Amino acid sequence: MKRLLAMLLALTMSAALTPCARAGELAAPRTLTLIIDAGHGGEDGGAVSPNGLVESGVNLDIALRLERLIALFGAPCVMTRDSEEIAYTAETTRARKVEDQKRRLKLIRDTENAVFLSIHQNKYTSGNPFGAQVLYAPTRGSEELGKDVQNLLTATLEDGNRRAAARIQSEIYLMNNIDCPAVLVECAFLSNAREEALLQTESYRLKLAVILAAGYLHNREMLEDIYFGESENGVLLH
Ligand SMILES: [Zn+2]
């Protein structure tokens with residue numbers, strides 16, 4: 001944890017304590033904006049652990065911790081949701097899910113120079129599988145970001161995780177309909193008793209948030225190059 005915090009400190013030039021923007025208050029052009037997506041929410045709780053731990057609440061808690069860390073480092077960010085309540089206009093559950101996905105998609109598309117980071121928890125039919133896994137979108141920069149975040153998760157959590165970052169399945173709607181660099185982080189398995197217990201602790205959720213913040217900040221230059229171009233940065237040096 002100390003190593004990670006030191007890394008976070010080294011990655012920032014200024015630590016302006018500006019709060020993250022909400023939807024509609026977007027950052028100035030030529031600055032990256034991290035879109036933090038707490039997966040599920042509202043009527044969609046996501047996966048549920050054998051002891052009743054609901055994915056959407058865990059995702060939101062990690063997302064809010066990540067938001068505070070990113071704000072501490074003065075980096076612009078936007079949340080796709082900041083509570084468990086989601087306002088719907090559609091009437092059926094199915095239509096409401098679609099409405100929510102479209103709302104998130106619009107936020108991503110309306111955000112200039114966006115980098116999308118979605119937080120989820122995994123679940124399997126047996127209790128054996130464990131370990132964080134990063135899935136990346138088929139867009140530029142996503143694979144590099146995803147592999148780096150995976151390495152940080154594996155190295156920092158030191159849980160014997162052998163999972164590798166992988167390209168997201170084509171049926172995942174949001175991740176396959178956006179143009180920006182994007183990763184989806186399956187932080188842990190709700191179906192694994194050890195990880196389920198860890199996810200209930202504040203310290204583990206904070207640890208996950210710190211790793212995700214470090215992963216994003218560590219890759220900011222690479223991600224800026226995607227939007228603003230290496231040649232332009234080169235010109236600035238002359
Ligand atoms: Zn999920």
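User: In what order do the elements of the chain run from the N terminus on?
Analyst: Keep in mind that we're looking at a predicted model. The secondary structure comes to 8 helices and 6 strands. From the N terminus on, those elements run α-β-α-β-α-β-β-α-β-β-α-α-α-α.

User: What share of the contacts in the chain with a separation of 6 or more comes from residues 24 or more positions apart?
Analyst: The chain has 238 residues, and 42% of them count as buried. As for contacts with a separation of 6 or more, residues 24 or more positions apart account for 80%.

User: Let's look at α3. How far does helix α3 reach from its first C-alpha to its last?
Analyst: Helix α3 covers residues 93-110, so that's 18 residues, and at 1.5 Å a residue you'd expect 26 Å. The reach in the model is close to that expected value: 26 Å.

User: Are the buried residues of α3 on the same side or on opposite sides of the helix?
Analyst: The buried ones are Asp 100, Arg 104, Leu 107 and Ile 108. They cover an arc of only 100° around the axis, which puts them on the same side of α3. In general, an α-helix has 3.6 residues a turn, so residues three or four places apart point the same way.

User: On to α6. Which residues of α6 are buried?
Analyst: Helix α6 spans residues 202-218. It has 17 residues and reaches 24 Å from first C-alpha to last, close to the 24 Å expected. Its buried residues are Arg 205, Lys 207, Leu 208, Ala 209, Val 210, Ile 211, Leu 212, Ala 213, Ala 214, Gly 215 and Tyr 216.

User: How are α2 and α6 oriented to each other?
Analyst: The axes of α2 (residues 55-72) and α6 come within 8 Å and cross at roughly 50°. In α2, Asp 61, Ile 62, Arg 65, Leu 66, Leu 69 and Ile 70 meet a set in α6 that includes Arg 205, Leu 208 and Leu 212. The crossing is right-handed. With that angle, α2 and α6 are therefore oblique.

User: Is the crossing of α4 and α6 left-handed or right-handed?
Analyst: Helix α4 is residues 142-157. It packs against α6 at an angle of about 140°, with the axes 9 Å apart, so α4 and α6 are oblique to each other. The contact is made by Asp 148, Val 149, Leu 152, Leu 153 and Thr 156 of α4 with Ile 211, Leu 212, Ala 214, Gly 215 and His 218 of α6. As for the handedness of the crossing, it's right-handed.

User: Where does Thr 154 lie, and is Thr 154 buried or exposed?
Analyst: Thr 154 lies in helix α4. Its C-alpha is separated by 9.2 Å from that of Ala 164, which is 10 residues away along the chain. Because 21 other C-beta atoms lie within 10 Å, Thr 154 is buried.

User: What is the phi of His 40?
Analyst: His 40 sits in the loop between β1 and α2. With 25 C-beta neighbours inside 10 Å, it counts as buried. Most residues other than glycine have a negative phi. His 40 isn't a glycine, yet its phi is positive, at about 65°.

User: And what about the phi of Asn 113?
Analyst: Asn 113 lies in the loop between α3 and β3. It has 20 C-beta neighbours inside 10 Å, so Asn 113 counts as buried. It isn't a glycine either, and its phi is positive, at about 50°.

User: How far apart in space are Ser 126 and Ser 191, C-alpha to C-alpha?
Analyst: Ser 126 lies in the loop between β3 and β4 (133-136), and it's exposed, with 8 other C-beta atoms within 10 Å. In sequence, Ser 126 and Ser 191 are 65 residues apart; in space the separation is 6.9 Å.

User: How far apart in space are Thr 125 and Asn 192, C-alpha to C-alpha?
Analyst: Thr 125 is found in the loop between β3 and β4. With 7 C-beta neighbours inside 10 Å, Thr 125 counts as exposed. Thr 125 and Asn 192 are 67 residues apart in sequence, and their distance in space is 9.8 Å.

How values were computed. Residues numbered from 1 in each chain as written. Predicted model: local features only at pLDDT ≥ 70, side-chain atom pairs only at ≥ 80, totals over all residues. Helix = DSSP H or I, 4+ residues; strand = E, 2+ residues; numbered from the N terminus. Buried ≥ 20, exposed ≤ 12 C-beta atoms within 10 Å, placed from the backbone. Contact = placed C-beta atoms within 7 Å. Arc of directions from axis to C-beta. Axes fitted to C-alpha atoms, helices over the stretch in contact; angles between N-to-C directions. Parallel < 35°, antiparallel > 145°, perpendicular 65-115°, else oblique. Left-handed = near helix turned anticlockwise from the far one by under 90°.
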